[in-house]
Amino acid sequence: MATTAAPALRFTRVPHPAPATAQVRAEVLANPGFGTKFSDHMVSIEWTEAEGWHKAEILPYGPIALDPAAAVLHYAQEIFEGLKAYRLADGGIALFRPEANAARFNASARRLAMAEIPEDLFVQAVEQLVLTDADWFPTVEGGSLYLRPFMFASEAFLGVRPAKAYRFMVIASPAGNYFKSGSPAVSIWVSDYTRAAPGGTGAAKCGGNYAASLVPTAEAFARGHDQVLFLDAAEHKWIEELGGMNLFFAFDDGSILTPPLSGTILPGITRESLIALAREEGLTVREERYSLDQWRADAASGKLVETFACGTAAVVTPVGKVADHNGEFVIGSGGPGQLTQKLRQRLVSIQRGEAEDTHGWVRKIA
Ligand SMILES: Cc1ncc(COP(=O)(O)O)c(C=O)c1O
């Protein structure tokens, strides 16, 4: 659906009448967990065919009213993004590659037949919320403010066609560790279910993909694993990605491999950043298909030395153990490998403004 030209939108501000007290906030920020606590405000912007993007507001965080016939509740026309704001050592605040999230958001919008949002408006909305709720940064080591921009079809209409009204929102959640287990390396379960098929919505960040992943994820948890791994739909042979992260494999010849962007996996921004950083480290990076059988064989022979998962929420996380119906295998020592730790450190230090940002990835907003 066509984008209206970037409007010079002014945000209306409605301050929260009863924001969290300093004590409540301090308790949340000392133990934020992941995705359960939210800052005092939220952004809302509306789109209609007639008016384009309008009614940009910063509102008190809280429930929203929806018509029961709103198309999102019936046909799941919904997309989202996930990115983090970091508090820097000098007290400033930075976002990591928000333009890349904006571009991916619009790619998702196109796949779901939704209105696209001007990239600068997307970034502005995120910035406005972070600056409004700048006292919501966790005080724990490794903490950040997780931002969740999302958009849904708000038109009240039960016909099956692209909606003619959308609402874009951003909420913010102080975030600590993504994995509850706190273990140094995660354990993953290879699912029998399929996440995405060729021609489907696997490369879009739409809620429906995650709805379909809940049963497989619950199964992985019930079996005692931290995450679920999906194989390709056609042959159930090739490694695609985890429920919420991309995967990398490191070999004893100094090369690393990650599955290609075939249209069925999410094009991770962390994935793309790590490819660039690994190449700078002199590593050969291959974007190639890799089968589960080969992975198991390479882990046994010692050819494969490390495997790590990556994404905004979990950053870079070592994979220690893999299981399916045929049994388990262990990667390397079963704990974090050297390359995984080095790449994680490289990325985190750029994100937190501790290392030089030669790529222009860090956007300082305060
Ligand atoms: C299915 C899936 N794959 C990969 C990723 C990693 O993407 P990014 O690095 O942009 O966070 C995510 C998280 O957004 C995801 O949900």
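**View 1. Two domains, side by side in one predicted model.** The centres of domain 1 and domain 2, taken over C-alpha atoms, are 27 Å apart. Where they touch, domain 1 contributes 19 residues and domain 2 contributes 19 residues. Domain 1 spans residues 12–175, and domain 2 spans residues 186–351. Please keep in mind that this model is predicted.

**View 2. The area hidden between the domains.** The size of an interface is often given as the accessible area lost when the parts come together. Here, domain 1 and domain 2 bury about 1600 Å² between them, and carbon and sulfur atoms give 60% of that area. Which three residues supply more than any other three of the area that domain 1 buries against domain 2? They are Phe80, Phe96 and Arg104, with 36% of the area on that side.

**View 3. Polar links and the domain 1 side of the contact.** Several elements of domain 1 face domain 2: strand 4 (78–80), strand 5 (83–87) and helix 3 (98–111) each bring at least two residues to the touching side. Helix 3 gives the largest share of that side, with 5 residues. Sorted by type, the residues on the side of domain 1 that touches domain 2 are 10 nonpolar, 3 polar and 6 charged.

**View 4. A salt bridge between Arg97 and Glu272.** Zoom in on these two side chains and you will find them joined in a salt bridge, with N and O 2.6 Å apart. Across the interface of domain 1 and domain 2, the count of salt bridges is 1.

**View 5. Tyr166, a residue of strand 8.** Strand 8 covers residues 165–175 and includes Tyr166. Is Tyr166 buried or exposed? Its relative accessibility is 1%, so Tyr166 counts as buried. The Tyr166 side chain makes a polar contact with the side chain of Gln77, at 2.9 Å. Look for Ser154 too: 12 residues separate Ser154 from Tyr166 in sequence, while their C-alpha atoms are 5.0 Å apart in space.

**View 6. Asn246 and its neighbours.** Asn246 belongs to strand 12, which covers residues 246–251. With a relative accessible area of 5%, Asn246 is buried. A polar atom of the Asn246 side chain sits 3.1 Å from the backbone oxygen of Leu266, and the Asn246 side chain also reaches the backbone nitrogen of Gly268 at 3.3 Å. Leaving aside residues up to four places away in sequence, Asn246 touches several others, among them Glu241, Ile265, Arg271, Phe308 and Cys310.

Conventions. Residues numbered from 1 in each chain as written. Predicted model: local features only at pLDDT ≥ 70, side-chain atom pairs only at ≥ 80, totals over all residues. Heavy atoms only, no water. Domains from an automatic or database assignment. Contact = heavy atoms within 4.5 Å. Buried area = accessible area lost by both parts, 1.4 Å probe. Salt bridge = Lys/Arg side-chain N within 4 Å of Asp/Glu carboxyl O. Helix = DSSP H or I, 4+ residues; strand = E, 2+ residues; numbered from the N terminus. Nonpolar A, V, L, I, M, F, W, Y, C, P; charged D, E, K, R; others polar. Buried < 20%, exposed > 50% of the residue type's maximum accessible area, 1.4 Å probe, protein only. Polar contact = N/O pair within 3.5 Å; in protein donor to acceptor, adjacent residues only side chain to side chain.
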